[in-house]
Amino acid sequence: QICLPFVMPTVLKDLKYADSHEWVKVNGNSATVGITDHAQDHLGDVVYVELPEVGATVTQGDSFGAVESVKATSDINSPVSGKVVEVNEELHSAPALVNSSPYENGWIIKVEMSDNGELNNLMDSEKYSKFCEEEDCKH
Amino acid sequence: MAVMGKAREAGLPLMKLVKLRGMPILQQLHLEERLLRTSSDNWCLINDGTSSPTIVMGLSGKLSELVEVKPVLQDHIPIIRRFTGGGTVVVDQNTIFVTMICNKDAVSNVQPFPRSIMSWSGLLYNDVFEGLADFHLRENDYVFGDRKFGGNAQSITKNRWIHHTSFLWDYDVKNMSYLKLPAKAPQYRLTRSHLDFVCRMKEYLTRSEFIERTIKAIGGQFSVKSISSESIDVPSVSEYVHTTRLLTNQEIQEACCTIQT
């Protein structure tokens with residue numbers, strides 16, 4: 001059975017991905033987190049982003065914030081554990097950045113990671129692409 | 001019992017049904033939030049009317065843009081900010097609430113994203129109103145023809161989601177006047193005022209008929225088991241930190257000042 005999604009989502013090679021559709025870009029101990037192109041496309045127009053406080057603790061797999069789109073609040077789950085060192089304040093006035101630039105200007109939080117080993121629990125770009133295809137074909 | 005037995009045999013997921021009457025909406029929303037976040041069961045809550053008129057805003061709603069603050073303050077109408085998205089409604093004893101809280105795997109043909117869940121709910125209510133009314137899911141609203149009678153909202157976590165609806169079985173014109181015409185309105189609304197945009201469900205069926213038909217429709221996809229509200233086994237109110245909250249008088253008054261300045 002061949003199943004092609006209507007729109008191929010962008011998946012960037014350098015990033016790691018969670019099965020809840022968040023990405024993480026790692027630089028030493030520092031991680032930048034956002035949601036993927038697949039996620040923003042399925043969510044619809046984002047009208048609000050609920051951000052955590054700087055200094056908050058995040059845990060891999062747990063919710064740290066939310067986006068609102070199409071009458072729904074959807075949890076954003078952290079792909080890594082650590083401490084939030086920066087949040088994207090632009091998203092207060094321009095939540096649609098999550099849709100238009102999910103991997104660049106639509107980044108959501110920056111985290112000082114507590115355990116780099118956790119990155120092994122995430123998918124690389126190839127695995128994540130296949131995962132998205134399977135998800136779309138299943139439904 | 002025989003029907004439930006057959007459904008279980010067919011391998012349908014279990015859904016616990018709780019029928020309530022006149023539960024205060026803040027209490028209902030707190031219960032829903034706890035069930036979504038701390039339970040692993042599927043739930044259907046039906047609250048037949050709430051105790052007193054209350055305004056309920058979505059998570060990101062801006063008070064000064066959505067509500068006529070002065071009359072609300074004058075008439076002491078409570079305002080709640082709920083944990084789900086969506087717009088602003090005024091609810092009272094003539095509002096019927098239907099809430100579904102599901103594990104994403106229980107409805108495996110539905111992706112845990114807003115439009116998929118909304119579409120699934122549209123199909124469910126199609127069954128409820130079949131033969132009775134010209135029902136549609138239209139730009140995320142439930143309508144008869146082009147008039148809205150039900151407002152929806154959702155919240156989606158990693159493995160579960162909630163879809164809840166406030167149905168206008170009847171409404172008080174005075175209560176509608178507490179709400180402003182929202183800046184973001186569905187296209188099909190055009191520039192209609194509230195009274196020209198909404199309609200009353202009671203013109204189509206009785207309250208009990210609606211509730212029975214809803215339970216029957218849900219029974220087509222789930223094995224429904226009625227349980228009493230007393231036997232709901234989730235952490236009590238005091239143990240859980242809710243996002244849903246009542247706005248303070250100070251917050252409402254500040255919104256009043258925001259308009260004036």
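**Exercise 1.** Which residues in helix 8 of chain B are buried? Determine also how they are arranged around the helix.

*Solution.* The model is a predicted one.
Step 1. Helix 8 of chain B runs over residues 207–219 and has 13 residues. From its first C-alpha to its last it reaches 18 Å, close to the 18 Å expected at 1.5 Å a residue.
Step 2. The buried residues in helix 8 of chain B are Arg207(B), Phe210(B), Ile211(B), Thr214(B), Ile215(B), Ala217(B) and Ile218(B).
Step 3. Because these residues cover an arc of only 160° around the axis, they lie on the same side of helix 8 of chain B.
Step 4. Exposed residues Glu212(B) and Lys216(B) sit on the face turned away from that buried side.

**Exercise 2.** Identify elements that cover the buried residues of helix 8 of chain B.

*Solution.* Step 1. Among the strands of chain B in this cover are strand 1 (14–21), strand 2 (42–48), strand 6 (95–103), strand 10 (160–168) and strand 11 (223–226).
Step 1. The cover also includes helix 5 (114–129) of chain B.

**Exercise 3.** State what the UniProt record annotates on residues 40–226 of chain B.

*Solution.* Step 1. The unreviewed UniProt entry gives this span the annotation "domain: BPL/LPL catalytic".
Step 1. The span is 25% helix and 30% strand, and its end C-alpha atoms lie 17 Å apart.

Definitions and conventions. Residues numbered from 1 in each chain as written. Chains lettered and ligands numbered in written order. Predicted model: local features only at pLDDT ≥ 70, side-chain atom pairs only at ≥ 80, totals over all residues. Heavy atoms only, no water. Helix = DSSP H or I, 4+ residues; strand = E, 2+ residues; numbered from the N terminus. Expected span 1.5 Å × (residues − 1). Buried < 20%, exposed > 50% of the residue type's maximum accessible area, 1.4 Å probe, protein only. Arc of directions from axis to C-beta. Contact = heavy atoms within 4.5 Å. UniProt positions renumbered as here; feature names shortened; annotations may be inferred.
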